[in-house]
Amino acid sequence: MNIYEFPPIKLLVSGAYWLVTALSDLLQPLAGESSAAIAVIVLTLAVRTLLIPVGLSQVRAGITRKRLAPKIAELQKRHKGNQQVMQEKLMELYREENASPFAGCLPVLLQIPVLMAVYGLFVQPTIGGQANELLGHTLFGIPLSSSLVGLIGAGDLTWVAGLLYAGLIVAIAVVAALSRHLLMPQPTTSAADSATQLPGGVDLSGMTRMLSFMPFLTAVFAAFVPLAATLYLMTTTAWTLVERITINRALGVDHTGAPRA
């Protein structure tokens, strides 16, 4: 079954197609053959702008977790021999504080439909019953529908395409390294930072560590998706870094979520 035939996703892709083609036509006089590529970047920036409140809530959730760390440590100490009671008390604490242990996952989850839409725009031969005109668009002569792995497999990789993909993937990896260094809390040995099991067997600390490596996985993923999706990944990864630094400074907190001295 083609997932892009699923009505909600089909509607999402059709809407994205209308937006990207409209932006591309608008940018055509200035950007020429690169108009669709720039349209994807503009669409990404527009989506991330709409998600600024979500980014703000993510930072505030980090501040809340830092503030609750001593209470969590006390719960772990008090109910060390009874995981079920400890989990119940932990969730009760989050409810009392009107917080969620999963708040940090929300920005990543909300971007998945957008990435699916951008990916679908450059792999589907038809959209809305008509030929997909975006498949004919290029960036520096490289089809936006092509992927690095696909070009290598077909023996069609040129030095221009190689340099472009290398630049984009390296940029994503560099931003990922900066994000991890500047924004991710450093490992500690305190009880509050030890593995916390939530109901259902979810390891909160393990999930946090996994999310911290997501930008690096994004760099690998970028080699397999269409060039247009790679542009989306590069733009959104860079936006995340700049957004988090800006919000942290505005709220007066450091990368751990603690108030600056």
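This is a predicted model: local features need pLDDT of at least 70, side-chain atom pairs count only at pLDDT 80 or more; totals for chains, interfaces and linings use all residues.
The largest nonpolar core has 44 residues, and the members that touch the most other members are Leu-121, Leu-144 and Leu-227. Several helices supply at least two residues each to this core: α1 (7-31), α2 (35-50), α5 (106-121), α6 (148-154), α7 (159-183) and α10 (227-251). Apart from this core lies another one, made of six residues, including Ile-72, Leu-75, Leu-93 and Tyr-94.

What does Leu-227 touch, if its neighbours within four places in sequence are left aside? Leu-227 is in contact with Leu-139, Ile-142, Pro-143, Leu-144 and Ser-146, and also with Leu-164, Tyr-165 and Leu-168.

In an unreviewed entry, UniProt annotates residues 36-56, 99-122, 134-152, 159-178 and 213-234 as "transmembrane region". Two of these stretches can be followed in the coordinates. Over residues 36-56, the chain is 95% helix and 0% strand, with 30 Å between the end C-alpha atoms. Over residues 159-178, the chain is 100% helix and 0% strand, and here the end C-alpha atoms are 28 Å apart.

Next comes the surface. Val-170, Val-174, Leu-178 and Leu-182 form a nonpolar patch there, and together they have about 320 Å² of accessible area. Val-174 is part of helix α7.

Gln-124 sits in the loop between α5 and β1 (126-127). Gln-124 has a relative accessible area of 12%, so it is buried; the cut-off for buried is under 20%. With neighbours within four places in sequence left aside, the contacts of Gln-124 are Asn-2, Tyr-4, Asn-132 and Leu-135.

The last topic is charge. Side chains of opposite charge can pair when their charged atoms come close. How many salt bridges does a search of the whole structure find? The search finds three.

One of them joins Glu-5 and Lys-10, whose closest N and O atoms are 3.8 Å apart. Glu-5 is partly exposed, at a relative accessible area of 44%, and Lys-10 is also partly exposed, at 39% relative accessibility.

Another salt bridge is formed by Glu-243 and Arg-48, with 3.5 Å between the closest N and O atoms. This pair links distant parts of the chain, since Glu-243 is in helix α10 and Arg-48 is in helix α2, 195 residues apart. Both Glu-243 and Arg-48 are buried.

A further salt bridge connects Glu-74 with Arg-78, and the closest N and O atoms are 3.5 Å apart. Why are Glu-74 and Arg-78 separated by about one helical turn? The reason is that they are four residues apart in helix α3 (residues 52-78). Glu-74 counts as partly exposed because its relative accessibility is 36%. Arg-78, with a relative accessible area of 56%, is exposed, as the cut-off for exposed is over 50%.

Methods
Residues are numbered from 1 along each chain as its sequence is written. Side-chain values use heavy atoms; hydrogens and water are left out. A nonpolar core is a set of buried Ala, Val, Leu, Ile, Met, Phe, Trp, Tyr and Cys residues joined through side-chain atoms within 4.5 Å. Buried means under 20% relative accessible area, exposed over 50%, partly exposed in between (1.4 Å probe, protein chains only). Contact means heavy atoms within 4.5 Å. UniProt positions are given in the numbering used here, feature names are shortened, and annotations may be inferred rather than shown by experiment. Patches are made of residues with over 30% relative accessible area and no salt bridge: like charges are joined within 9 Å, nonpolar side chains (Val, Leu, Ile, Met, Phe, Trp, Tyr) within 5 Å. Accessible areas come from the Shrake-Rupley method with a 1.4 Å probe; for residues, only the protein chains shown count as cover. A salt bridge is a side-chain nitrogen of Lys or Arg within 4 Å of a carboxyl oxygen of Asp or Glu.
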